[in-house]
Every structure is written in C-alpha cells, then in structure tokens.
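Me: Can you walk me through this protein? Keep it short and plain, please.
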Amino acid sequence: MDFLEKRFRLSEKKTDVKTELMAGFTTFMTMSYILAVNPQMLSETGMDKGGVFTASVIASIIAMVCMAFLANLPFGLAPGMGLNAFFTFTVVKTLGYTWQFALTAVFLEGIVFLILSLFKVREMIFDAIPINLKKAVSCGIGLFIALVGLVNSGIILQGEGTVLQLGNLLSRESVVFIVGLFIIALLLAREIKGALMYGILASTILALILGVSKYQGGSPITLPPSLAPVAFKIQFDKIFTFDMFTVVFTFLFVDIFDTVGTLVGVSAKAGMLDEQGKLKEASPALLADAIGTTAGALLGTSTVTTFVESASGVAEGGRTGLTALSTAFFFFLSLFLFPVFGMIPA
C-alpha cells in the first residue's frame, strides 16, 4: 500500500486504493463494449476477428499501463470508436485499400504522434485549440458513432436517390437495436453504473433468442485467439506513396481532435483543467496515446485513443493512474473470454 501511495500520490489527489480500484472496474464496465464492437467492425475488412480481439486487448493494456506510470491519470485507452469506423468504412470499403495498407497508415500515424509528443508539438496543438471547439469535437464523434450504429442495425440504409433512407424497423436486427438502446437509456437516466455493458448483455440475450447471434458452444473461458493472422502486417513498400500520405494525414487529423475532445471532456469532469482549459499532464497523456497506437498497429488493431467513458470512473472518484492500472487488469482478464465477447452482435 505504501508503494501505491508514493507512486500514485493518492493522498495528494484526495483518494485511496479502494476508490481507485472501484473506479477502474467502473471504467472497464463502461468501455468493455469495444472488445465486442472493434473485432466485429474490423472483421468487415477481412481481418481475423479473433486476432483483432487479442490485439485490441493487449494494445489497450500497454496504453493504460503507460497512462498510469507516465501521466498518473485515471484514463482508460482502447481502439477508438470513430477511428475504427474510418479505418473500416472509409479507408478499406470506400477507398478500396487493403486492411494491411490501413494498418500501415495507423502505424505511421503512431510514429508521427510519438515524435510530436516527445517534442511537445502535440501538446501545443492541444493548447491552441479554442475550448468551445474542443467541447464540440466530442459531440461530433458521438453523432458519427450513432450513425454507425444505425447503419449496422439496418435502421438506416444507403439511399438510391438520396444519401440515406429508412430501413426495416421490424427486422430482427432493428428490434435488438431498439430494445438495447431503450434499456441503456433507461439505465443511464437512473445513473446505473455499467449501463452500457448491461444494455449490451440484454441485447445479446435477445439476439440469441431471435437468432441474430449464435453461441458457438464450448467453454466460455479459453486461451486468447492467435495474433498471427493480423500481427506485423505492415506494408513497408507502400510507405512512401502519395496514397499513404493522404490516409496518414487524415488519421492524424481525426485522432488529434478525437483525443483533444476526450481529454478535455474527462479532465473537466475530474476538475483537472486550469482556467485556460489546459491539462497539466497533457504531454505524458498524449505520449501514452501514441505508444498505444503504434503498438496496436503492429499487433493488428486500429488507432488506440483515450476513451470518454473514463468519465464514469472519474465520477466514481478515480483521480490517479491507479484507476487506469485497475482498468488494464480487467482488460487482461477479458483476454480469456473471447467466446463471450464474440457472440455479441454488431
């Protein structure tokens, strides 16, 4: 306990070990949905679902350990929503690049961010963005993720004469979506911790009943799926091409605003911002983000970023890196539960 007190300055941050551990569990409960959604989404590019799951977990753990010991902040990190949608639907499915090409772009983005973070350029960009724009970014990310969910459920379809058109609201997928959304909204309104995860569990049970999802059988606890199908698939021969430059630049742009919006939103809730809306520990936090992205691309997953769901752990009293370390521990346990996460519908 003395080591934890000294390492994470618990008394100085007005917290204790029990509070930090519970905050870490709460953060895990609210962001663990990514372990079901990210493999599902990236598998649409042709990537191995099990490999992406393992890569996502390990990259998240690496990033959160860095966040804990470098920045001492209570933030959870994992492959980001929005960024994984851009990876799948824009870079691969719309522009027609391979998933190996997209992973290479994420790897290069991570290297650039490492350099920018080490020289504090990324921190200067963070500080230069007006506070209102920082807050608006989170809203934009949320709207984009909502659109992805509506498309995945079949409620919204690509129109023939219009950009979008209404899908079949009575399809089994739409029913699962609507019921799950209602449950999550109800639990959030009642301030139930883990509302997202409970809603996902309820949706999964309904999906199993309706036949939208199927359990493959066997033990729910297994060894992690192999990384071999997705790890170290960097296309070095495509690095110095104009197409790669364009995709990397876009990833950089999206990730900068994604991270800025998240850090500002969660830090404001924790009371960590100064009068100018600046975060004192922004530089090491951004470095942890960059390390996670680089490691994740090598392992076989999309851009790793700070999760706005970290606010749930902050609301539980999490104030130090021990919260992030606790969240990483629960991610490690989930590494052996792929059959459970694998049956959760998109």
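Reply: We'll go from the whole chain to single residues. Keep in mind that this is a predicted model.

Me: How many helices and strands are in the protein chain?
Reply: The chain has 15 helices and four strands.

Me: And how compact is it, next to a globular protein of that length?
Reply: It is as compact as a globular protein of that length, because its radius of gyration is 20 Å, close to the 20 Å that the globule rule gives for 346 residues. Along the principal axes, the C-alpha trace spans about 55 × 50 × 40 Å.

Me: What share of the residues is buried?
Reply: Buried residues make up 51% of the 346.

Me: What about the surface? How much of it belongs to carbon and sulfur atoms?
Reply: The accessible surface is about 15,600 Å². Carbon and sulfur atoms account for 69% of that.

Me: What does Ile 61 touch?
Reply: Leaving out residues up to four places away in sequence, Ile 61 touches Ala 328, Phe 331 and Phe 332.

Me: Is Ile 61 buried or exposed?
Reply: Buried. Its relative accessible area is 18%, and the cut-off for buried is under 20%.

Me: Switching to charges. How many positive and negative ones are there?
Reply: The chain has 22 positive and 23 negative charges. Their mean positions are 3 Å apart.

Me: How many salt bridges does the structure hold?
Reply: Two. One pairs Glu 12 with Arg 9, and the closest N and O atoms are 3.1 Å apart. The other joins the side chains of Lys 93 and Glu 44, at 3.3 Å from N to O.

Me: Where do Lys 93 and Glu 44 sit in the chain?
Reply: Both are in loops. Lys 93 is in the loop between α5 (83-92) and α6 (99-118). Glu 44 is in the loop between α3 (34-43) and α4. The pair links distant parts of the chain, 49 residues apart.

Me: Now a strand. Where is Thr 306, and is it buried or exposed?
Reply: Thr 306 is in strand β4, residues 304-306. It is buried, with a relative accessible area of 2%.

Me: What does Thr 306 touch?
Reply: Not counting residues up to four places away in sequence, its contacts include Met 67, Phe 75, Gly 76 and Leu 77. Also among them are Thr 259, Thr 262, Leu 263 and Asp 289.

Me: Last one. Where does Gln 235 lie?
Reply: Gln 235 lies in the loop between α10 (195-210) and α11 (242-269).

Me: Buried or exposed, that Gln 235?
Reply: Gln 235 is buried, because its relative accessible area is 19% and buried means under 20%. Beyond residues up to four places away in sequence, Gln 235 touches Thr 98, Gln 100, Phe 101 and Thr 104.

Terms used:
Residues are numbered from 1 along each chain as its sequence is written. This is a predicted model: local features need pLDDT of at least 70, side-chain atom pairs count only at pLDDT 80 or more; totals for chains, interfaces and linings use all residues. Side-chain values use heavy atoms; hydrogens and water are left out. Helices (H or I, at least four residues) and strands (E, at least two) are DSSP runs, numbered from the N terminus. The radius of gyration is taken over C-alpha atoms; the globule rule is 2.2 Å times the number of residues to the power 0.38. Buried means under 20% relative accessible area, exposed over 50%, partly exposed in between (1.4 Å probe, protein chains only). Accessible areas come from the Shrake-Rupley method with a 1.4 Å probe; for residues, only the protein chains shown count as cover. Lys and Arg count as positive and Asp and Glu as negative; His and the chain ends are not counted. The place of a charge is taken as NZ of Lys, CZ of Arg, CG of Asp or CD of Glu. Contact means heavy atoms within 4.5 Å. A salt bridge is a side-chain nitrogen of Lys or Arg within 4 Å of a carboxyl oxygen of Asp or Glu.
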